[in-house]
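Hi everyone, thanks for coming.

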Amino acid sequence: MKTFCGRANPTTGAMEWLEEDEDYDYHQEIARSRYADMLHDKDRNVKYYQGIRAAVSRVKERGEKAIVLDIGTGTGLLSMMAASAGADFCYAIEVFKPMANAAVKIVEKNGFSDKIKVINKHSTEVTVGPDGDMQCRANILVTELFDTELIGEGALPTYEHAHKYLVQEGCEAVPHRATVYVQLVESKRMWSWNKLFPVHVEAADGEKIIVSPSEMENCPGVPSVCDIQLNQMPSSDFTILSDVVTMFSVDFSKPVKSASTYYRVQLDPVKSGKAQIVLSWWDIDMDPSGMINCTMAPYWVKSASAFQWRDHWMQCVYFLPNEEPVLQGEKVYLTACRDEYSVWYKLQKARGEEENKAAVRVESPVCRCQAHLLWNRPRFGQLNDENRTRQYMKSLMKVLKTDSVCLCISDGSLLPVLAHYLGAKQFFKANHLEDKIKIIEARPELLTSSHLEDKKISVLLGEPFFTTSLLPWHNLYFWYARTAVTSHLANNVTVLPQSASLHMMIVEFQDLWRIRSPCGICEGFDVQTMDDMIKNSLNFRESREAEPHPLWEYPCKSLSDPREVLTFDFRKTVPQHSLSTEGSVSLLRKGKSHGAVLWMEYHLVADISVNTGLLQISNEKGNCEWNPHCKQAVYFFSSVIESETLSDLPSAVTYAINFNPKTGDIAMDFKL
Ligand code: SAH
C-alpha cells in the first residue's frame, strides 16, 4: 500500500505530498533504532544474564516452576537468556510489530520456540487465564524499559500494571531495583544551554549590553530531559558543589506506584558557588543483594575499568529554575518531583520550607517566556557563544550603513537586535521576538511591498538558523527564502552570509560505529536476523541517508583531510540545475573508515566565516574538535575498511555528492 504524506520540506520550505510506502516509518524506526547499540552493550548483557540466572535459581530452589514475563522483548534476548538458564516457560511481550516478528524468527533460529511465546501486544493489553495470552501469572519479571531518565519510556506505569495483573505476589524481578543519583554543580557551559547571557555590543556610540527580559530570567524552562554523554564534558567545564547522593530508588519486585510524587534530600555543599545544575544518572541492581550492578555513573565517580560505552543510556542534565548561591557547610534541600514519565528539580535553603510539605508543588515546570519553546538547549548555547556573536558583529559593521534597509530571515535570531544597536535604521524581520523591529508574520514567498512600506531591501541577513533543520544543509532554506524575496531586493543588495560551503571528511569513530554495526552473536545467541533487518531498513531508500549527531559527544579521528565539496552562492538565486561533485580523498592515517562527516560553513562576508563543524584536528593522532552547538551529518559506510598499515589501505575514498535544487536533498555515494 502507498500513502500520501504531507510534510514541509525543511530545506525548500515547500509543502510537499510524498508518496510513502506504508513500511517507510517502520524502516525509519528500525534503521535509527537503539537495538544494535543495546546488543553491543556487553556490560548490560552480561549483567542481565547473571541476574536472570540467579532469579531462576532462587525460584527453582523454592521448588516452583520458573514462569518468566519479559516485557519489551525486542530481539527476544532476555527471554532466551531465561530459557537457557532453565526457566520452564517465557512470555515475551513486544508492542512493536516488526520487532515482535523478528523475535519470533530469532527465538526459532536459536531453538527456543517451545519455551518462549512471543506476544505482539502492549503489556497492558495482555490477558491471563486458560484462554488468555498467558496461562497463569509469572513469578519472574524481566524488563529493560529504561531510558536515560529511567522512567521516560513508561517503565513505572508498565510495572504498576504488571504487578496488578500479570505477575504473582513476591515475584523475582530482574532488575531488582533502580537507584537515581544526583550531584549539584555550577557550570557556565551547561547553564548557557538554559539562559540567555547578556550580549556586549561595541557600537559606535559606546558599549551596549543586550539583556534578556526578566520573564526569561525567571522562567523555569521546559521539563524535557537534557540527556548527554556526560563523559565528554571535561572536568574544567563544571565545579562540583555536593557529593553524589541517592535521590530515590524503585524496588521492581514489589507493587510500583506511578502517580506523581516527590523525594527530598539534604545536601551539604562541599564548596561555595552558584547552584545551577543537577547532574543525574542511575544504576540497576540485577539481584536483591546488589552484587550485580550496572551503572551509568560518569568518569569522575567510577573506575575506568567499569567503563562501558553506550548511547541508549547516558546521563541527565537538569537545570534548576534559578541559580542559587550556596555556601560550603550550609545545608540545602534538593527536591526531585516526578510524574509518570519525567523528573524535575528544585533547591530550597530553609529547613522550614522542608518541613512544610504543602509547599511542595508537584506540577511540572511550564515555560513562561516562550524562549525555551523556540530555542532548544544547543541553540541557547549557540546564541551565548561570544566568539560566534563577534563574527556576526564584525560582519554587520562591514555591511551596515545608516540608511540600510534590512530584512532578516532566521528563526529566533538576535541579528536584528545586534544590527539595530550597530546602527541600522530600518529593520524588517521574518518571524518574531523583539519589538523595536518590525516583525512580519509572513512566509518569505508571501512577502509584499506593503509589508516593507514600499522600500527595497539593501541588506538581507540570516544566520542562517531554522528550528526545522535537522541536517546541516536544511539551513539552506535561507537560500530558498532569499530566492522568494528577490523582487524586493535592491539591485546592489548585500546578502549576509554571502555563501555557504559543504565540507566532508572520512573518520574513524571511537564508539559511535556501534549504533549501526551488526552484532552477529550476542552472549551466545544468534541475533543475525536483527542485523539483517537493520541493514534492510538502512538500504530501504535507494541511497543511504546521512544522520545528524552532535559530534562533540562522540570522539572520532580524521582519516582524511577535510575537503570542501560544494558551495552555495546566496548572492544568486537557487539554480535550476543540480550541483554535483565527484572526487576522491586520500586516506592519511591508518584506522577504520566508519563513515564520512559533513558540515556547513557560512561565509558571512569576504573574510569572516562561521563554521558549524570541524573546529580543529587537535593532534597528530587526528583527534577532532567539533562545534559544540551544532549537529553534524554522519554518513555510515555499509562496510568498514580496516587496516593495520597504511600500505594495505585503499589509498583513497571516492565520492559523488549531488544537491538537487528541486527537493533540497543532498544525495551521496562513497566507494572504498
Ligand atoms: N529486551 C530487549 C529490548 C529492550 S528495548 C533487550 O533487552 O535487548 C525495549 C522494547 O520494549 C522495545 O522494543 C519496545 O517496543 C518495547 N516496549 C516498551 N514498553 C512496552 C510495553 N509496555 N509492552 C510491550 N512492549 C514494550
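Let's start with the largest cavity, which has a volume of about 110 Å³. A cavity here is a set of points on a 1 Å grid over the protein atoms alone where a 1.4 Å probe fits but cannot get out; points are joined across faces, edges and corners, and the volume is the space filled by probe spheres set on them. Its lining residues, those with an atom within 4 Å of a point, include Val-199, Gln-382, Arg-388, Tyr-392 and Glu-463. In total there are four cavities of 30 Å³ or more.

A word on the source: this is a predicted model, where local features need pLDDT of at least 70 and side-chain atom pairs pLDDT 80 or more, while totals for chains, interfaces and linings use all residues. Numbering runs from 1 along each chain as its sequence is written, and side-chain values use heavy atoms, without hydrogens and water.

For polar contacts, meaning pairs of N or O atoms within 3.5 Å, a polar side-chain atom of Tyr-35 is 2.5 Å from a ligand oxygen. The side chain of Glu-94 has an N or O atom 2.7 Å from an oxygen atom of the ligand, and for His-122 the distance to a ligand nitrogen is 3.1 Å. The protein buries 89% of the 570 Å² that the ligand exposes when taken alone, by Shrake-Rupley with a 1.4 Å probe.

Notes:
A polar contact is a pair of N or O atoms within 3.5 Å; within protein, one must be able to donate a hydrogen and the other to accept it, and residues adjacent in sequence count only if both atoms are side-chain atoms. On a 1 Å grid over the protein atoms alone, a cavity is a set of points where a 1.4 Å probe fits but cannot get out, and a pocket is an open set with protein on both sides within 12 Å along at least five of seven lines; lining residues have an atom within 4 Å of a point.
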